[in-house]
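These entries record what I looked up in the structure, topic by topic.

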Amino acid sequence: MVSIGPEALGRIFEVPFQDSDVTAIRTTLTEGTDPQVVAQVAELLRRFSVLIEVNKTVGKSISLDEMLPHLIEVIAEVLHADRATLFLHDDRSGELFSRVVQGDNVNEIRIRDDSGVAGAVFTTGHTLIIPDAYADTRFSPETDKQTGYRTRNILCVPIRNRDRAVIGIAQVLNKTNGGFSDADATLLDAITTQAAAALEHARFVEELEKAHRDEVIMLEVGGAISGDLDLDSLLEKIMHATTMLTSAERSTLFIHDPETGELWSRVAQGAERKEIRLPSYGGLAGAAFTSGETLNIVDAYADARFDPEFDRQTGFKTRSILCMPLADRLGQPIGVMQVLNKVDGPFTALDETRLKAFSAQAAVALENAKLFQDVLQLKNYNEGILKSLSNGVVTMDSEFVVTKINEAALRILGHLEEDLVGRPVAQVFGNANNWIVKSLDYVSKTGATDYHADADLMREDGSMISVNLTVAPLLDIDANPIGFLLVFEDLTREKRIRVTMSRYLAKEVVDKLLESDEDAFLASSQQATVLFSDIRHFARITETLGADETVHMLNTYFTAMVDVVLRHGGILDKYIGDAIMAVFGAPLVVPRDADNAVAASIEMVRALERFNLQRTSSGLEPIEVGIGISTGDVVAGSIGTTKRMDYTVIGESVNLAARLEGANKHYGTSVLVSDTTISQMKSALSWREIDLMRVTGTNKLVSVFEPLDCYPEAVRANLNRVRGAYQKGVRLYRQRQWNEAPFYFEQVLARCPNDTPSQLYINRCRYYLDEPPGEDWDGVWILH
């Protein structure tokens with residue numbers, strides 16, 4: 001019998017067992033006991049105490065961070081090994097992982113579940129005892145090279161749960177007193193079997209806690225991003241949350257811009273650039289966006305789609321990348337999440353799952369923020385339109401309560417915004433402007449638009465202004481009535497001037513008029529140049545064309561002619577049937593009014609040539625015009641009634657310009673200019689004097705000229721060649737040399753057979769030869 005003393009027996013349950021404990025037990029055995037038996041008993045007791053120590057270790061904590069390092073320490077000590085590692089299997093990532101203590105931190109190690117000796121044991125479920133690690137092809141010496149450690153022998157056993165399923169492996173390296181034995185393998189198997197249930201339980205608890213933490217984080221982040229409608233702020237929050245959820249160094253959220261076909265991000269966390277743009281097909285982000293697939297890249301530089309240029313510019317080193325596309329509610333791609341450099345290794349399947357769950361929330365938040373931004377931009381756009389309008393706009397709801405009023409309306413009505421918004425229309429306009437309330441009542445009942453022209457509106461201060469008012473129903477996008485709209489057009493002096501004169505003057509001239517301190521539209525006597533233009537044979541043309549075609553032709557013709565007048569600084573005074581009256585020098589006087597009028601007439605002739613080319617190409621008859629220009633004193637101002645006034649000029653020069661326009665038919669010319677106009681001109685043009693005339697009803701002698709620049713180039717060249725002969729002929733004619741003068745006019749006709757003025761002078765010479773005028777004849781032809 002073997003007897004063991006109470007002190008030695010008590011030591012069995014004290015951990016750990018040391019050599020001195022074994023010696024104490026051995027001394028209690030009888031001297032006749034076989035020494036081998038004594039050694040076996042002591043070894044059994046020691047191993048039994050190890051299992052008790054393991055049981056206490058796994059029972060103390062349910063944290064893998066505490067349990068794994070402690071078990072590893074026990075295993076290495078019991079098996080007299082230099083190092084030990086205990087790996088558990090991660091089914092989601094297909095990896096074996098362990099936890100090691102490094103200073104104050106517990107770090108995680110992960111390897112593939114089919115690599116090396118550990119992978120071989122896990123996949124086969126068989127224990128391996130390797131006496132020479134470097135002689136075994138399953139051993140990878142790379143780790144030894146990196147750490148400087150030398151692995152000699154290895155013992156590796158599978159860890160099985162109660163169902164005998166392999167859930168991990170235990171591996172010990174370099175037994176200190178020889179090689180590993182089958183007994184060591186048995187002991188290690190017993191230890192792992194004892195600890196397996198606790199390890200599974202601890203892992204289950206850890207995953208529950210992690211899932212709870214992730215859920216809390218997702219709820220917090222989801223709540224934070226769902227309530228943020230500012231796009232810039234939202235981007236920052238999403239990227240911060242993405243970085244935290246995946247334990248990464250940096251993340252970027254790219255949004256697709258369908259107008260440019262680019263992916264952009266306003267914020268790159270940790271980078272200096274405020275906005276990044278790249279083609280929607282470029283790089284890994286573009287690949288994820290176009291394919292709609294998640295990309296998990298373990299080594300960025302080994303992937304041909306990765307562009308290292310950004311790293312070179314910033315000094316950042318990209319190792320691993322996780323790219324996940326974002327889709328809207330309809331499944332259409334709207335962006336990409338890109339996460340860089342997981343802190344403790346490559347991105348895992350769990351990271352993909354978390355990011356996918358979070359990306360769904362992020363996509364909804366982005367859509368909401370973009371929708372809010374679009375609405376805000378539309379609101380600002382509409383506000384800008386209302387603010388920019390010169391017309392006053394007032395909106396009200398279906399209960400006739402004012403909801404919106406722009407700045408122009410406040411100025412017209414003479415109110416502050418707080419005095420009007422939220423008040424019923426009856427209080428706003430009251431008895432003084434009750435006609436507006438009646439108009440609203442009419443629109444409400446009929447659904448029609450009501451218009452009031454040149455109506456009197458009493459302002460808040462009691463003053464009266466003239467307005468045009470449009471009252472209309474306010475409709476939604478489905479044409480359902482939602483309220484009413486008032487549009488006020490201010491007809492006070494400045495507004496009336498701008499509206500009226502913009503029909504006759506270029507905008508620049510109108511602006512200058514309004515900037516001047518003096519009222520340019522009050523009646524005044526001043527010098528101006530007047531231009532008349534009229535279509536020849538208009539009555540015959542209208543009979544040929546008919547009413548519709550005549551109106552169309554006039555509109556096209558007037559547009560071309562008036563544009564020329566306005567370009568040269570003139571104003572359109574009025575249309576008189578098919579005639580145009582334009583004024584240069586009123587209401588504003590410029591130094592070159594006469595030059596501008598003549599230049600306008602020449603360009604009008606050329607514009608008519610282009611106009612006739614279009615007509616003849618359409619099979620229509622070309623038209624002819626005559627233009628008369630005269631300069632002199634006129635009376636200029638607004639003439640009419642208080643309700644309808646027009647700015648115009650009257651006077652002798654106006655009448656003369658009209659007569660000269662008509663005289664073109666007699667002389668066969670297009671443009672006739674009085675000598676008063678030429679005397680005011682500064683431009684050097686080619687002229688020829690057409691005649692001296694005294695207009696019926698006046699005694700004023702007028703010398704009339706024709707600008708040769710209005711002719712086509714070939715005709716103008718010929719007229720310039722014979723201009724000397726023409727002038728000599730005119731001089732002889734006025735000297736009563738009616739026999740000699742025709743010779744020179746015939747020289748002109750030789751080059752210009754259709755020159756009507758030369759033919760007229762020849763006819764006059766023949767007439768005066770037969771019927772000479774009196775001695776008081778001054779060379780003037782009376783124009784009837």
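**Entry 1. Overall counts.** I counted 26 helices and 26 strands in the chain; both are DSSP runs numbered from the N terminus, helices being H or I of at least four residues and strands E of at least two. The model is predicted: local features need pLDDT of at least 70 and side-chain atom pairs pLDDT 80 or more, while totals for chains, interfaces and linings use all residues. Residues are numbered from 1 along each chain as its sequence is written, and side-chain values use heavy atoms, with hydrogens and water left out.

I then looked up burial. Of the 784 residues in the chain, 46% are buried, where buried means under 20% relative accessible area, exposed over 50% and partly exposed in between, with a 1.4 Å probe and protein chains only. The chain has an accessible surface of about 40300 Å², and carbon and sulfur atoms account for 52% of this area; the method is Shrake-Rupley with a 1.4 Å probe, and for residues only the protein chains shown count as cover. I also examined contacts (heavy atoms within 4.5 Å). Among those between residues at least 6 apart in sequence, 57% join residues at least 24 apart.

**Entry 2. A six-stranded sheet.** I traced an open sheet of six strands, in the order E9-E8-E7-E12-E11-E10, with antiparallel pairing; two strands pair if DSSP finds at least two bridges between them. The edges are strand E9 (276-279) and strand E10 (295-297); each has a single partner strand, so one side of each lacks a neighbour in the sheet. From one strand to the next the twist averages 20°. Within this sheet, strand E7 (residues 248-257) and strand E12 (residues 333-342) run antiparallel and are joined by seven bridges. Phe254 has Val336 in E12 as its bridge partner.

Which elements does helix H9 lie across? I found that H9 (residues 283-291) lies across E7, strand E8 (262-265), E10, strand E11 (321-327) and E12, running at about 135° to E12. Axes here are lines fitted to C-alpha atoms, for helices over the stretch in contact, and angles run from 0 to 180 degrees between N-to-C directions.

**Entry 3. A hairpin.** I noted that strand E15 (residues 450-458) pairs with strand E16 (residues 464-475) in the antiparallel sense, over seven bridges. Leu457 stands opposite Ile465 in E16. Five residues lie between the strands of this hairpin, and Gly462 takes a positive phi near 90° there.

**Entry 4. Aromatic pairs.** I found 18 aromatic pairs in the structure. Rings of Phe, Tyr and Trp (its six-membered ring) pair if their centres lie within 6.5 Å; planes under 30 degrees apart count as stacked, over 60 as edge-to-face and the rest as tilted. The ring centres of Tyr733 and Tyr768 are 6.2 Å apart with planes at 35°, so this pair is tilted. Tyr733 belongs to helix H24 (residues 723-734) and Tyr768 to helix H26 (residues 756-770), so the pair ties together parts 35 residues apart in sequence. Both residues are buried: Tyr733 has a relative accessible area of 0% and Tyr768 one of 7%.

Trp738 and Trp777 have ring centres 5.6 Å apart and planes at 65°, so their pair is edge-to-face. This pair links distant parts of the chain, 39 residues apart: Trp738 is in the loop between H24 and helix H25 (741-751), and Trp777 is in the loop between H26 and strand E26 (781-783). Trp738 is buried at 7% relative accessible area, as is Trp777 at 14%. I also recorded one aromatic cluster, formed by Tyr726, Tyr733, Trp738, Phe745, Tyr761, Tyr767, Tyr768 and Trp777.

A charge sits over a ring if NZ of Lys or CZ of Arg is within 6 Å of the ring centre and within 35 degrees of the ring normal. Arg688 lies over the face of Tyr726, 4.8 Å from the ring centre. Arg150 lies over the face of Tyr134, at 3.9 Å.

**Entry 5. Backbone exceptions.** Most residues other than glycine have a negative phi, and most peptide bonds are trans. I found a positive phi near 60° at Asn174, which lies in strand E6 (residues 166-175) and is buried at 2% relative accessibility. Arg736 has a positive phi near 70°; Arg736 is in the loop between H24 and H25 and is partly exposed at 27%. The peptide bond from Ala586 to Pro587 is cis, with omega near 5°. Pro587 is in the loop between strand E20 (579-584) and helix H20 (593-617).
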